[in-house]
Amino acid sequence: KLTFTSGQSSTGDNTQCFDVDIVADNIYEGLEMFTVQLFSRITTVTIAAASQSATVDIEDSTIVEVGFAQSSYTTSEGDGSVQVCVVLLSGALIADVTVGVFTNDGSAVSPDDYTSLPTTKLTFTSGQSSTGDNTQCFDIAINNGKQDGSKSFTVHLVDPLQPSPVKFRPSSMSTTVVIEDHPANELKVGLVAASEFTEADDSEVVCVQIMSGTVGLEGVNISMQASGGTATKSG
């Protein structure tokens with residue numbers, strides 16, 4: 001019961017308040033609500049129709065933020081794979097939760113340059129927190145071993161795969177993986193050691209040799225020019 005006393009009026013002391021206890025159950029249940037309703041058995045009191053009830057929303061206090069540990073990763077073709085990590089950025093878990101990750105082609109294309117991931121589950125377990133054990137990692141295979149320049153692809157987070165206290169930090173919902181050419185695949189070319197020619201020779205073969213690396217599908221053009229020395233060009 002709430003009791004208004006003699007002398008109280010709408011233009012003066014006009015309020016009676018009460019507390020409703022909220023139970024911290026440590027169970028993620030999303031947004032919850034209940035209503036409070038007014039009624040009176042006194043015929044001289046009329047409950048305003050627009051104010052007969054009020055809704056109380058209870059927001060869950062167990063929300064945690066999740067995102068990629070880095071905005072980008074750099075790997076080499078010679079590494080064979082790259083490890084990408086997802087971290088709890090804030091909060092602590094009171095139950096296991098699962099998030100999803102997947103890859104998108106960029107200038108790096110699966111399966112030629114890397115092995116794509118369909119939506120893959122990562123599970124954070126109860127007790128993990130942003131200030132302690134906060135990381136889940138996974139590997140992505142790197143396939144390309146040819147000299148074709150640096151390439152990249154992206155990895156993305158998707159909504160939790162069940163009702164969950166997890167929300168994603170917008171700035172950390174995706175990360176870029178850059179694949180650099182392996183140094184061993186750097187294409188090096190050079191002239192084969194020149195032989196001694198005589199003036200009686202109409203011509204002689206000069207060879208250019210691939211010293212290291214592999215030519216990519218697009219091929220490569222090499223230019224040569226004769227210059228210098230004591231011999232002069234004819235014509």
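I take buried to mean under 20% relative accessible area, and on that cut-off Phe153, with a relative accessible area of 1%, is buried. I keep in mind throughout that this is a predicted model.

**Entry: aromatic rings**

I looked for aromatic pairs and the count came to one. The partners are Tyr114 and Phe153, whose rings are stacked, at 3.8 Å centre to centre and with 5° between the planes. Tyr114 lies in the loop between strand S6 (97–104) and strand S7 (120–124), while Phe153 belongs to strand S9 (residues 151–158), so the pair ties together parts that are 39 residues apart in sequence.

**Entry: salt bridges**

How many salt bridges does the structure hold? I found two.

In one of them Lys151 is joined to Asp113, and the closest N and O atoms are 3.6 Å apart. This pair links distant parts of the chain, since Lys151 is in strand S9 and Asp113 in the loop between S6 and S7, 38 residues apart. I noted that the loop between S6 and S7 holds Asp113 as well as Tyr114, and that strand S9 holds Lys151 as well as Phe153. Asp113 counts as buried at 5% relative accessibility.

Another salt bridge runs from Arg169 to Glu65, where the closest N and O atoms are 2.7 Å apart. Is Glu65 buried or exposed? Glu65 is buried, with a relative accessible area of 15%, whereas Arg169 is partly exposed, with a relative accessible area of 30%.

**Entry: cysteines**

A search of the whole structure gave me one disulfide. Which cysteines form this disulfide? They are Cys85 and Cys137, with their sulfur atoms 2.0 Å apart. The link of Cys85 and Cys137 is right-handed, with 100° about the S-S bond. Cys85 comes from strand S5 (residues 81–90) and Cys137 from strand S8 (residues 135–141), so that distant parts of the chain, 52 residues apart, are linked by the pair.

I also compared the exposure of the cysteines: Cys85 counts as buried at 12% relative accessibility, and Cys137 counts as partly exposed at 32%. Cys17, which I looked up separately, is exposed, with a relative accessible area of 65%.

Terms used
Residues are numbered from 1 along each chain as its sequence is written. This is a predicted model: local features need pLDDT of at least 70, side-chain atom pairs count only at pLDDT 80 or more; totals for chains, interfaces and linings use all residues. Side-chain values use heavy atoms; hydrogens and water are left out. Rings of Phe, Tyr and Trp (its six-membered ring) pair if their centres lie within 6.5 Å; planes under 30 degrees apart count as stacked, over 60 as edge-to-face and the rest as tilted. Helices (H or I, at least four residues) and strands (E, at least two) are DSSP runs, numbered from the N terminus. Buried means under 20% relative accessible area, exposed over 50%, partly exposed in between (1.4 Å probe, protein chains only). A disulfide is a pair of cysteine sulfur atoms within 2.5 Å. A salt bridge is a side-chain nitrogen of Lys or Arg within 4 Å of a carboxyl oxygen of Asp or Glu.
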